[in-house]
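Biologist: Hi! Could you walk me through this one? I'd like to talk about the ligand and the salt bridges.

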Amino acid sequence: MMHFGLTEEQEAVRKMVRSFVDKEIMPHIQEWDARGHFERSIMTRLADLDLMGVCIPEEYGGSGMDYNTLAIVCEELERGDTAFRTAVSVHTGLNSMTLLQWGNEDQKQRYLKPQAKGEKIGAFGLTEPNAGSDVAAMQTTAVRDGDYYVLNGQKTWISLCDVADHFLVFAYTDKSKKHKGISCFIVERTFEGFSSKAIKGKLGIRAGNTGEIFFDNVRVPAANLVGEEGEGFKIAMSALDNGRFTVAAGACGLIQACLEESLKYCHERSTFGKEIGKHQLVQQMIAKMVDGLETSRLLVYRAGWLKNEGKRNTRETSLAKWHACDAAFNAACDAVQIHGAYGYSNEYPVERFMRNAKAPVIYEGTREIHTIMQAEYALGYRQDKQLRRMLPAWPFTEETVEV
Ligand SMILES: Cc1cc2nc3c(=O)[nH]c(=O)nc-3n(C[C@H](O)[C@H](O)[C@H](O)COP(=O)(O)OP(=O)(O)OC[C@H]3O[C@@H](n4cnc5c(N)ncnc54)[C@H](O)[C@@H]3O)c2cc1C
């Protein structure tokens, strides 16, 4: 049996987030974007609405909803602005879901629970100045010293760098083992030797907070090692399966926003004696947006369904992310085109959509990395195996979520 509809609960969540975005983000976003201001209180409001741990089981402080409900939340948030969807992507997708999958009971109690309730914010530190797509080129090290690991190095382009309380940080515990020598740690902002600095002058996501984090002899308790030593690369890749899912879902929201603004303008603006929506070449751009939105949603919800089933979904999530982010960028460029010169000014939101739409084509696997992945799957060069620890299937039961 195939279902293409949303459940009543999913519809209710969509309605709630849409109304929240319309009331609390839309009226201010142009100003926040122009000022390069991240409005921290939005995270608190999302916590009030139980949206900071959408698909985290209730016993760990979350709402216990299914993975596609998280997609719907991301979609609706990005309809408002990419900055807030990015915040949920790193907090829930990259950090909390990773703790749910790989963390031990102690780590879930100390870190996952407060994050899922929205009392603490989580982020994800993988990228370094010389290591983006090529993760194994990272230079950050973690050296064991009694009951601690001592971290030295730096990460860059880290979303919520100045905002997050906890970071999942990846570092080499044994460089000679290459990617099998990378380990994953929970680092608190308050640990001595930790510092952060925002990047200024970004093309888009200006209402977001992105920047560098530094580790200067940061002593991290050994109890904060996630998984086992040497499992960091696997953990990072499985975290990306969840992060990418939220990015793909968000891209659907950006296409939706492009479509809404473009449809409005098509009816308002006339040239050559008719509204521009009557010109076939403008219709072509609208039709491409509809196509991008609907096909992206199908790919996203299929990836979410696989997560609900507790199955590996790296290939399907990568395809959804690649397709949806490209479609969103194209939709945003066309939305500006439809608005003509007015689209080129911040009098209309479409220029912000276009600037925002570029980052998701770069982060969480560039367009080129996803292209390569898809080709390698097709050619049989890449296969996914069951991981030592899988994300729990939904509905959550004691058996599926137990450590
Ligand atoms: C707004 C924003 C927020 C971000 N947030 C985070 C975050 O929270 N945490 C985090 O860890 N990182 C984050 N990132 C970093 C992001 O994940 C990296 O930028 C991304 O992985 C690409 O790495 P890079 O920028 O070093 O590009 P590179 O890897 O240097 O790539 C440069 C170019 O070469 C291409 N290329 C590279 N390798 C190949 C290949 N084998 N074949 C073909 N082409 C190739 C790429 O596709 C790209 O076009 C963020 C980035 C941005 C822009």
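Modeller: Happy to. One definition before we start: a residue is buried under 20% relative accessible area, exposed over 50%, and partly exposed in between. Keep in mind that this is a predicted model.

Biologist: How many salt bridges does the whole structure have?

Modeller: The search finds 25. Some residues are joined in a network of salt bridges: Arg14, Arg18, Asp22, Glu75, Glu76, Arg79, Glu260 and Arg297.

Biologist: What about Arg45, which residue does it form a salt bridge with?

Modeller: With Asp48, at 3.3 Å between the closest N and O atoms. Both residues lie in helix 2 (residues 41–48), 3 residues apart, which is about one turn of the helix. Arg45 has 27% relative accessibility, so it counts as partly exposed.

Biologist: OK, switching to the ligand. Which residues come nearest?

Modeller: There are 17 residues around the ligand, and Thr127, Ser133, Trp157, Thr366 and Glu368 come nearest.

Biologist: Which polar atoms of the protein are 2.9 Å from a ligand nitrogen?

Modeller: One is a polar backbone atom of Phe124, which is 2.9 Å from a nitrogen atom of the ligand. Another is a polar side-chain atom of Ser159, also lying 2.9 Å from a ligand nitrogen. On the oxygen side, an N or O atom in the side chain of Thr366 is 2.7 Å from an oxygen atom of the ligand.

Biologist: How much of the ligand does the protein bury?

Modeller: The protein buries 64% of the 980 Å² that the ligand exposes when taken alone.

Biologist: Which elements give two or more residues to the shell?

Modeller: Strand 3 (148–159), helix 9 (350–362) and helix 10 (367–379). Strand 3 gives the most, with 3 residues.

Biologist: And what's the make-up of the shell by class?

Modeller: It has 9 nonpolar, 6 polar and 2 charged residues.

Biologist: Where does the ligand lie relative to the domains?

Modeller: Between domain 2 (124–232) and domain 3 (239–401), because both give residues to the shell around the ligand.

Biologist: Where is Arg367 found?

Modeller: In helix 10. The C-alpha atom of Arg367 is separated by 8.4 Å from that of Cys325, and the two residues are 42 apart along the chain.

Conventions
Residues are numbered from 1 along each chain as its sequence is written. This is a predicted model: local features need pLDDT of at least 70, side-chain atom pairs count only at pLDDT 80 or more; totals for chains, interfaces and linings use all residues. Side-chain values use heavy atoms; hydrogens and water are left out. A residue is near a molecule or strand if one of its heavy atoms lies within 4 Å of it. A polar contact is a pair of N or O atoms within 3.5 Å; within protein, one must be able to donate a hydrogen and the other to accept it, and residues adjacent in sequence count only if both atoms are side-chain atoms. Accessible areas come from the Shrake-Rupley method with a 1.4 Å probe; for residues, only the protein chains shown count as cover. Helices (H or I, at least four residues) and strands (E, at least two) are DSSP runs, numbered from the N terminus. Ala, Val, Leu, Ile, Met, Phe, Trp, Tyr, Cys and Pro count as nonpolar, Asp, Glu, Lys and Arg as charged, and the others, Gly among them, as polar. Domain bounds come from an automatic or database domain assignment. A salt bridge is a side-chain nitrogen of Lys or Arg within 4 Å of a carboxyl oxygen of Asp or Glu. Buried means under 20% relative accessible area, exposed over 50%, partly exposed in between (1.4 Å probe, protein chains only).
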